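Hi,

Here's the structure I promised to pass on. Have a look, and then read my notes on the spaces inside it.

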Amino acid sequence: MTTSEYIVAETIRVYGTVQGVGFRPTVWRLARVHKLTGSVWNDALGVGIRVWGGARQLEAFIGSLQRECPPLARIERIERSPMVIGRIPDAFEIYSSVTGETQTNVAADAAVCDACRQEVDDPADRRFRYPFTNCTHCGPRLSIIRTVPYDRANTSMSAFPMCPQCLAEYQDPADRRFHAQPNACPVCGPRVWLESSAGEMVETGGDQDPITAAQRVIAEGKIVAVKGIGGIHLACDACNQQAVQRLRQRKQRYHKAFALMAGDTAMIERYAGVNEVERAALRSAQAPIVILDARGEAVAAGVAPGQSTLGFMLPYTPLHRLLMQGLDCPIVLTSGNRSDEPQCIDNEDARHRLAQIADYFLLHDRDIVNRLDDSVLRMAAGEPRILRRARGYAPAPIVLPEGFETSGGILAMGGELKNSFCLLQGGRAVLSQHMGDLENAATFADFRHNLGLYRKLFDFRPALIAVDCHPDYLSTQLGRETAHAEKIELLEVQHHHAHIAACMAEHGVPLHTTPVLGVAMDGLGYGSDGGLWGGEFLLADYRESRRLAHFIPVAMPGGIQAMREPWRNTYAHLQQAFGWESISKAFSHLRILREIDQKPLKNLALMIGRGLNSPPASSCGRLFDAVAATLGICTWSQHFEGQAAMEMESLAAPVFHEQSGNAYPLDPQQTEKDIGVIQFNSLWQALLEDLAEGTDGAIAAARFHQTICAMIAQTATDLGRKHGLSTVVLSGGVFQNRLLLEGVTARLDASGVRVLSPGAVPANDGGLSLGQAVIAAAKTTG
């Protein structure tokens with residue numbers, strides 16, 4: 001290329017997750033390969049490129065850029081525009097970052113890559129056994145960032161000046177640590193230590209470092225607080241029942257399953273079945289907890305009481321990997337907090353809050369800026385399903401379907417439980433990490449902090465705030481306050497419509513779509529009529545939804561107490577269907593009914609009759625609670641949301657398929673004001689008769705599941721034919737039940753219906769904010 005007539009010049013703009021992931025050095029390398037000159041830089045929009053060279057070389061460069069994208073990068077789109085050739089640069093250079101209005105993505109934290117693992121394992125490498133080894137392909141991102149652009153000065157690594165060797169790597173475009181912001185080594189980087197709960201440093205030396213010392217005390221049955229990448233965990237030997245029980249007592253988490261960490265998949269396979277999709281998820285850069293079917297050797301009974309599954313993850317940092325290398329069995333690795341509180345992220349806070357829980361603390365001096373819980377995933381209906389979206393996934397954006405390209409400026413506040421919030425801008429939705437249950441004051445404070453952080457990170461100024469219709473949700477109240485204070489529009493979104501819309505958006509259903517049949521099954525949500533809904537069949541698109549059918553509303557005597565004491569739902573269902581006196585006499589020999597009869601039922605009947613703290617709810621979740629209590633599962637109390645239903649699912653699972661032809665009968669559907677009402681009198685009669693005849697509880701639980709699967713599928717099929725609907729969307733927290741999701745999906749597939757169900761976004765209330773955001777966008781677009 002000796003004259004300008006053979007040369008073209010272009011400005012190229014790359015949008016997506018392209019900062020902090022090794023994108024600029026990839027551009028530099030490919031430009032050199034294709035003999036192009038110019039420059040590349042980061043700014044608030046993403047990555048900018050100016051390039052000079054032959055037309056063919058330029059086209060080849062663009063193709064290579066898309067094919068050889070770095071592992072953690074995600075290109076959403078590339079824009080190209082011609083440029084006056086002018087003076088042609090002699091080389092291709094990487095420029096420093098430029099600030100401005102933020103429209104780029106912040107990358108999610110990523111599990112340690114193979115190259116870094118090899119260095120940590122190599123005695124000849126200068127990073128041998130260094131627990132903070134990372135590169136542009138792995139390591140902390142969101143957990144350490146304070147603002148954009150993602151440069152070291154804007155992260156908690158700013159406290160650690162690089163040594164000459166690390167700086168040389170950082171400045172070399174040919175090195176995989178080029179501009180790796182957390183780059184460090186034992187000379188210049190963060191350090192780890194082990195201290196006792198009394199604050200005394202544990203002396204190490206010789207063959208023992210702080211991590212091997214932590215291994216030793218875990219093997220001795222001690223509880224160790226371990227500071228990781230997005231929070232501090234509590235660890236103990238998962239095969240030591242006394243250690244596990246001690247952890248439960250101290251943490252005050254008496255029933256909910258603990259997560260486990262294993263050294264490798266071979267260790268996991270000693271305790272659980274792992275298929276290829278699950279193995280890939282475990283080994284992925286996201287490294288979530290994967291819910292697996294327990295089989296083979298047993299961990300301590302206290303790890304997952306009442307469950308037939310175990311939640312496993314693999315080590316996702318060098319620190320965790322080094323910790324597991326010296327252990328022969330899995331460890332419990334649960335969030336470092338007392339039950340229902342946010343996870344500790346700060347050393348001093350951990351020393352204070354965990355002093356009565358942990359015997360030792362394995363800490364380090366790199367600050368965790370942003371709390372990130374471990375993500376949770378489960379296989380169901382042949383696909384991986386995210387149950388909790390946090391570390392490894394957030395804040396990766398969700399590219400919205402056709403029609404949403406110009407939508408923006410929408411802040412969606414989410415729900416009350418399993419909260420997340422969502423920023424919608426420029427055809428993308430940024431869903432926050434899992435926040436938790438906002439009824440906890442510390443969690444609500446963390447929610448407010450993260451709202452401010454995300455608005456800062458993404459330079460986001462909302463024009464509209466979307467909230468749930470429930471007036472008592474703290475997220476709704478804060479949304480109202482914010483809208484009033486900032487003088488922006490507020491939009492209320494119906495709970496179950498949001499569930500359906502979130503799933504539609506995930507699956508790329510265009511804005512201007514024909515309606516779908518939405519089936520929303522959950523615990524409770526505020527209905528458009530002011531009642532409590534939870535078993536809904538909706539005619540829906542993004543803009544509107546209309547109720548076509550629902551479960552019969554049944555009183556919840558005691559209100560929220562009925563969510564904690566499942567027997568109250570049993571009483572309410574039987575009282576409404578048959579009258580308690582009649583049914584308790586007919587089945588007086590059933591122990592469960594005799595025991596319920598000892599409760600203050602006259603008071604409950606009076607409350608229901610007078611409408612005192614006994615709101616009627618068409619809730620699928622409360623039906624599951626009622627049946628579980630009848631089978632003796634969590635009858636008198638459940639200690640976390642969904643406990644009774646989860647234990648009943650585990651009980652039913654081994655015999656579920658063999659009961660496919662033994663579903664209980666259902667009542668003919670009634671109609672009120674052109675809306676179908678689904679009743680369960682016949683189901684209850686048959687279930688009680690089964691129990692009276694001595695039918696095993698597992699068989700009864702399986703038959704109940706088969707009945708609900710058949711009912712949902714048949715109702716959806718009938719409504720689809722009546723209204724000319726070819727797509728059924730399944731969502732809501734009850735569809736986290738694998739038996740239910742698979743049973744309904746199989747029946748609908750067999751009838752030729754297109755079925756959509758959540759995968760990348762939680763079916764539970766963790767996905768509500770995405771639905772709120774796209775509904776708000778649809779209502780304000782066009």
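**The cavities and a pocket**

Around the largest cavity, the lining residues split into 11 nonpolar, 7 polar and 2 charged (Ala, Val, Leu, Ile, Met, Phe, Trp, Tyr, Cys and Pro count as nonpolar, Asp, Glu, Lys and Arg as charged, and the others, Gly among them, as polar). Before you go on: this is a predicted model, where local features need pLDDT of at least 70, side-chain atom pairs count only at pLDDT 80 or more, and totals for chains, interfaces and linings use all residues. Residues are numbered from 1 along each chain as its sequence is written, and side-chain values use heavy atoms, with hydrogens and water left out.

A cavity is a set of points, on a 1 Å grid over the protein atoms alone, where a 1.4 Å probe fits but cannot get out; a pocket is an open set with protein on both sides within 12 Å along at least five of seven lines; lining residues have an atom within 4 Å of a point.

The largest cavity has a volume of about 140 Å³ (the space filled by probe spheres set on the points, which are joined across faces, edges and corners). Helix H9 (residues 318–325) gives the largest share of its lining, 3 residues (helices, H or I, have at least four residues and strands, E, at least two; both are DSSP runs numbered from the N terminus).

The second largest cavity holds about 110 Å³. Strand E15 gives the most to its lining, with 3 residues.

As for the second largest pocket, about 510 Å³ of space lies there, and its lining has 17 nonpolar, 5 polar and 4 charged residues.

Cheers
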